[in-house]
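Dear colleague,

I am passing on to you the structure below, together with its sequence. Please look it over, and then read the notes that follow.

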Amino acid sequence: MGLLDRLNDDLKQAMKEKQKVRLSVIRMVKSAVKNREIELGHPLSEDDVIGVIQKEVKQRKDSLQAFQDANRTDLAETAEEEIAILESYLPEPFTEDELRALASEVVERVGASSKSDMGKVMAELMPLVRGRADGRLVQQVVQRLLS
């Protein structure tokens with residue numbers, strides 16, 4: 001089952017079970033996907049949909065941090081719940097060890113030997129980890145391997 005089909009099924013289920021937060025989050029994701037489709041002018045692939053969901057998770061995490069800094073626990077709890085719902089639609093993330101092993105393979109493949117080769121490594125590695133690893137973590141792992 002595709003991700004959009006799963007979202008549609010979960011939307012119906014959330015309506016039946018009167019899960020207001022889940023329903024709201026799913027509607028927001030579907031709206032963001034539709035907006036992205038209109039922006040690009042074609043239907044989105046699974047990877048594109050994952051990218052939209054990741055963007056929404058990142059926005060929620062940024063908001064969560066702001067709510068925590070402002071001592072707004074009520075809003076922080078809602079943001080945490082929304083993040084959990086969104087992350088349930090993302091593929092299982094790589095562990096740092098899995099990421100390091102994959103990055104090592106790419107470093108060998110492109111023949112990188114110093115930090116000046118980081119761009120080559122990142123260009124090869126990011127499409128392989130898309131949706132399963134945070135870009136900052138990938139960058140840190142690659143920097144450690146090249147130093």
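**Helix packing and cores**

The crossing of H3 and H4 is left-handed. Please bear in mind that this is a predicted model. Helix H3 spans residues 46-69 and helix H4 residues 73-87, and the two pack at an angle of about 160°, with their axes 9 Å apart. Since angles over 145 degrees count as roughly antiparallel, H3 and H4 are therefore roughly antiparallel to each other.

On the H3 side, the residues that meet H4 include Ile-53, Val-57, Leu-64 and Phe-67, while their counterparts in H4 include Leu-75, Ala-79, Ile-83 and Leu-86. The residues of this contact between H3 and H4 divide into nine nonpolar, six charged and one polar.

The largest nonpolar core has 25 residues, and those with the most contacts inside it are Val-29, Ile-53, Leu-86 and Tyr-89. At least two residues of this core come from each of H1, helix H2 (20-40), H3 and H4, with H2 giving the largest share, seven residues. Ile-53, if its neighbours within four places in sequence are left aside, is in contact with Leu-3, Val-29, Leu-86, Tyr-89 and Leu-90. Apart from this core lies another, of 17 residues, among them Val-107, Met-118, Val-138 and Val-141.

One further residue deserves a look, namely Asp-10, which lies in helix H1 (residues 3-16). Asp-10 counts as buried because its relative accessibility is 18%, where the cut-off is under 20%. Not counting residues up to four places away in sequence, Asp-10 touches Arg-22, Ile-26 and Tyr-89.

With best regards

How values were computed:
Residues numbered from 1 in each chain as written. Predicted model: local features only at pLDDT ≥ 70, side-chain atom pairs only at ≥ 80, totals over all residues. Heavy atoms only, no water. Helix = DSSP H or I, 4+ residues; strand = E, 2+ residues; numbered from the N terminus. Buried < 20%, exposed > 50% of the residue type's maximum accessible area, 1.4 Å probe, protein only. Contact = heavy atoms within 4.5 Å. Axes fitted to C-alpha atoms, helices over the stretch in contact; angles between N-to-C directions. Parallel < 35°, antiparallel > 145°, perpendicular 65-115°, else oblique. Left-handed = near helix turned anticlockwise from the far one by under 90°. Nonpolar A, V, L, I, M, F, W, Y, C, P; charged D, E, K, R; others polar. Core = buried A, V, L, I, M, F, W, Y, C linked by side-chain atoms within 4.5 Å.
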